Structure formats: C-alpha cells, structure tokens
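Q: I'm new to this structure and would like a close look at one part of it. Could you walk me through the place where the ligand sits?

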Amino acid sequence: MRARLSADFERFRRGLPRDFATHVREAYGIDLAARYLGYPLPHPIGKGSGQLSLNPDQLETDRAAGVAFVVLKTLIAETATGERSMGAWALHETRMTVERRHADSREGWTVTWKGRGWDRSMDEYLGLVRVARDLTRAGEKGMVALPSVKYHLPRLHEPFADEEYAHTTAELARAWGPDELPIEKDFSPTLAGDSLADERGRILRWIAEIPERIRKAARHCARVQLKLMNARFDDDFQVDMLAAARDADGATVFNRLFDPDRKVAYGGWELSDRNLRVLDRARARGVPAGSLCGTGNICSGRVLVDYARRGCESVQLHTFFQLPLHEYPATVGSRSQRALHALVFHPADGVVAVMLELEERGLLHRRDGMLHFLDLPSCASTEPSSTS
Ligand SMILES: Cc1cc2nc3c(=O)[nH]c(=O)nc-3n(C[C@H](O)[C@H](O)[C@H](O)COP(=O)(O)O)c2cc1C
C-alpha cells in the first residue's frame, strides 16, 4: 500500500482526478465519506468563507477540482431599506499578503488582510447564491456551496435587530428556492477584537439565541452552522462557547486569532494548537460535540486527521488554498487541485498515509473491510496532536 501511495502521489502530481475519493476507496479500502451541516460529502475537504469564494469562476474551479464544499464570502445583513448594523464589516480591501508565520520552531503560513465582509450589493450576492444553489442541487456532478452571513449582534440588554434577520434571511431563502436553506453564521476574528465582544455573557447569548432567530426568519426551513470565533478569553470560555452552540445544526471551530497590536487576524500553528487544545478540553468536560467542521491551519492530512479525531466531520481551509504555487508538490492544475493532492496523497503526511498509520498502530479498525474517515473519533487521541 505504501508503494502504491508513493506511485499515486507521483502520478497525480501531473493532474488529480476529480473523483479521487473513489480511487482511494478502491485502491486502499479507505472510505473518505464525510459530512457538513447534514450534507453527505465524498471526502472532508472544503473551502472556508473568504476571498476565494467571491464569484462563479472560483466556484467552478473548485467544482472541477473536486473540492467537497464551499462557503461563500460573508454577506453583511441589511434591512429592506439597506441599513446595516454591522456595516463597519463591509469594508473594501483587495490587498492580501500570504506570509510565513513562525511558532516555536515550526514554520507556518498566514494571510494578512485588513478587509472584512462582502463589500458589494445584496443583489450581486443573491446572484452568487443562485449559482451555489444550482451547484448544490447538481449532486455528484456539482458541489455543496452555501451562503455565510454576519447579522446584528446586540449588547446584553438590547434587543436583536429583527428586521435585519428577517429581511436578509428571506432574501436568501427566496434565492435558494424551496429546499431547506443552509447558512453559516460568521462571528469573525475582527469581532473578537471589537469592544462589542468584550463581555462573556453577551457572546454566550448571541451563540445561544441566533440559530433559532435565523430559523424563524426562514419560516423554519433553514439549517444553521455557527462559525465560532476565537474570543479573547481563556480555553475554558472557548469550551463554554461550544456548549452554548448546542441548539445550532453544526459549529465550525474556530475562526482565526486576533492580534490586537497589529489589528489583524492571523492563523498558522498557534491557531491549530489553540483549536485542538480546546476540542480536547471540550471532550474532557463532556461537552457534546454535535456536528463539527474544523478550520485553522489545516496544512497537511496529518493536521486534518488531528481535527477529525477530535470530532470534526469535515474541514474548511483558506490559507492552504492560496500558497505560492511552488509550495505544492503538484506541477499541474489549479491551486485547489494541488492542495487536495498534497492533503490526500502525500506519502508521509496525507490523509491516506495517516489513516493507514493509525491502522498499523491498532488504533483504527476496518469495518466491512474498509477504514472510514467518520470513524476517526473512535481513535480519539490521548497523545499530543501532531501540531504541538
Ligand atoms: C483573507 C481571508 C478572508 C476571510 N474572510 C472570511 C469571511 O468573510 N468569513 C468567514 O467566515 N471567514 C473568513 N475567513 C476565515 C477562513 O474561512 C478560515 O476559517 C480561517 O482563515 C482559518 O483557516 P485557514 O487557517 O485554513 O486559513 C477569511 C480568511 C482569510 C485568510
């Protein structure tokens, strides 16, 4: 199997088949099937909301590459008359810098960017949502793709701006059509750096109340994934946030860290260390995981498996999809294809290699002759993550 993996890795440098999950099943007896917000996926690797999911061309490139799902850039909610309580997040900024970021002796990557949410009109966003809807409906030939929204967040004794929830959700639901509307609700890292998020009770209230508020606005025809931020409090509070999210249909854990001095969000190893540590702590405290999607410094199959062993049924990446081309081992294809190739087929650190390694160590077992990605929580780690 190891020899075969090295041969596949070499062969797929020159082009990864879109249906690589079928190949992995047939060649290695590994079932990569995964889930995001109740959607069955052929494998766990999706794209997080951001600058790489702003237009139909980017979506088509990801579909063609075989990315499992894509979360569209975050829309800033508005009322029927165009008022946006979170308008400060609709900032126009095009410049991004992909930079090295060191943590201890480990070298990682981060993207430095001063922008925030969607900075064009709601109508343009709804056009993109219709493209996402068609891709989602197309099943195997398409790809799951869904909107992300940032809605009004009140202070503790203030009411929610219901009109903003009602109008934006209704517009999205209309664009999506009769099926249940999937939404990721973003609590962004820049929010963590804002005075709005300096009170614990306020954050817990948002997390507990928002899922039902969105569902109500969609006439109970929506599924809500909360993308939790890394708040500026300790790990235990981060677990409290996860516990407060129990009424959501899923949680994405956890968006980037915030540097208050530079006033920018960042990722790299500090982000995955923190996220994995918090997921371990949640398990130790018996906080039910619910349906989780991991995010943060997923730069190899090994880190991906670290998230999966802690309960994540899929993952969403941003930074690893935007590295300089020469950083990927593949020599042909879009960045999305090259990233998938490294994450799945790398002979030492790809998902296939790491799952075979767990089997060899007696930690992961075959069922019906297959290793299953979704069984990874059964070999929950008592050892340090590969990132620490
Ligand atoms: C330039 C940039 C823009 C982003 N914009 C958004 C956004 O609009 N909404 C959101 O929910 N997350 C956003 N993110 C967060 C990513 O989706 C992702 O969750 C996060 O960067 C951690 O994953 P990574 O380490 O693979 O980048 C953004 C990230 C980057 C780097």
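A: Happy to! Let's start with a term: a pocket is an open set of grid points with protein on both sides within 12 Å along at least five of seven lines. A molecule sits in a pocket if more than half of its atoms lie within 2 Å of its grid points. In this predicted model, the largest pocket is the space that the ligand takes up.

Two elements each give two or more residues to the shell around the ligand: strand E5, covering 69–76, and strand E7, covering 106–113.

Who are the neighbours? There are 20 residues around the ligand, and those that come nearest are Ser 49, Lys 73, Thr 74, Asn 297 and Thr 319. Sorted by class, the shell holds eleven polar residues, five charged ones and four nonpolar ones.

Now for some individual contacts. Asn 297 uses its backbone: a polar atom there is 2.7 Å from an oxygen atom of the ligand. Lys 227 takes part through its side chain, where a polar atom lies 2.9 Å from a ligand oxygen atom. Asn 255 also brings in its side chain, with an N or O atom that is 3.5 Å from a nitrogen atom of the ligand. As for the ligand's surface, on its own the ligand has 610 Å² of accessible area, and the protein covers 96% of that.

Conventions:
Residues numbered from 1 in each chain as written. Predicted model: local features only at pLDDT ≥ 70, side-chain atom pairs only at ≥ 80, totals over all residues. Heavy atoms only, no water. Near = heavy atom within 4 Å. Polar contact = N/O pair within 3.5 Å; in protein donor to acceptor, adjacent residues only side chain to side chain. Areas by Shrake-Rupley, 256 points an atom, 1.4 Å probe, with all protein chains shown as cover. 1 Å grid on protein atoms, 1.4 Å probe; cavity = no way out; pocket = protein on both sides within 12 Å on 5 of 7 lines; lining within 4 Å. Helix = DSSP H or I, 4+ residues; strand = E, 2+ residues; numbered from the N terminus. Nonpolar A, V, L, I, M, F, W, Y, C, P; charged D, E, K, R; others polar.
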